[in-house]
Amino acid sequence: IFSTALPPSSIAVSLKAMDLIEEEQDRRNHLHELSNWFKTQLIKAGFQITNTITPIIPVMIGDAATTVQLRDSLLEDGIFIPAIRPPTVPEGTSRLRISLMATHSYEDVNYALERLIFHSKSLGIIEG
């Protein structure tokens, strides 16, 4: 017998998540402010990002191999940012997909920014 219904545990987690979204405005405000600050810093550093209003920030790199190399360098620094490349995106439009969370602090995000700038300069992605 097959069932297409979600397990009760998934429903319970989803309902609790909805409660948190409704009840914890401070987390949403923090995430909104953090993502706006981070996007501004990325642009100031010379990165090309897509126009997004979400805390998911695509940083355009272009070349797939360079994108993977940057991802690997960041991972060595303890920063997990997935590399999105063909066939998921068109050839020449590879990118890093940064996903900020309400649990990230400015200190966390600033560290990621510093390492992203450092490695991107060494790979010739941005000038400096």
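Here is a walk through this predicted model, starting with the sheet and ending in the core.

A few ground rules come before the tour. Residues are numbered from 1 along each chain as its sequence is written, and side-chain values rest on heavy atoms, with hydrogens and water left out. Since the model is predicted, local features need pLDDT of at least 70 and side-chain atom pairs count only at pLDDT 80 or more, while totals for chains, interfaces and linings use all residues.

Let's begin with the sheet. Four strands form an open sheet in the order S1-S2-S4-S3, with antiparallel pairing. Strands here are DSSP runs of E with at least two residues, helices are runs of H or I with at least four, and both are numbered from the N terminus; two strands pair if DSSP finds at least two bridges between them. S1 (48–49) and S3 sit at the edges with a single partner strand each, so one side of each has no neighbour in the sheet.

Now follow the pairings. S1 runs into S2 through a hairpin of six residues, and the two strands pair antiparallel over two bridges. One of the bridge partners to look for is Val-59 in S2, which sits across from Ile-49. On to S2 and S4, which run antiparallel and are joined by six bridges. Ile-57 has Ile-98 of S4 as its bridge partner, and Met-60 has Arg-95 of S4. S2 is mostly covered, with six of its seven residues buried; buried means under 20% relative accessible area, exposed means over 50%, and partly exposed lies in between (1.4 Å probe, protein chains only).

The loop between S3 and S4 is worth a stop, as Pro-87 lies there. The peptide bond from Pro-86 to Pro-87 is cis, with omega near 10 degrees. Most peptide bonds are trans, and most residues other than glycine have a negative phi.

Next up is helix H3 (64–76). H3 has 13 residues and spans 19 Å from its first C-alpha to its last, close to the 18 Å expected at 1.5 Å a residue (the expected span is 1.5 Å times one less than the number of residues). At the start of H3, a side-chain oxygen of Asp-63 comes to within 3.3 Å of the backbone nitrogen of Ala-65. The Asp-63 side chain also makes a polar contact with the side chain of Thr-66 (2.8 Å); a polar contact is a pair of N or O atoms within 3.5 Å, where within protein one must be able to donate a hydrogen and the other to accept it, and residues adjacent in sequence count only if both atoms are side-chain atoms. After H3 comes Gly-78, whose phi is positive, near 85 degrees.

Which residues of H3 are buried? They are Thr-66, Thr-67, Val-68, Leu-70, Ser-73 and Leu-74. Their cover includes S2, S3 (83–84), S4 and H4.

Finally, the largest nonpolar core has 24 residues, and Leu-42, Val-59, Leu-96 and Ile-98 have the most contacts inside it. Such a core is a set of buried Ala, Val, Leu, Ile, Met, Phe, Trp, Tyr and Cys residues joined through side-chain atoms within 4.5 Å. H2 (25–45), S2, H3, S4 and H4 each supply at least two of its residues, and H4 gives the largest share, five.

Notes: Contact means heavy atoms within 4.5 Å.
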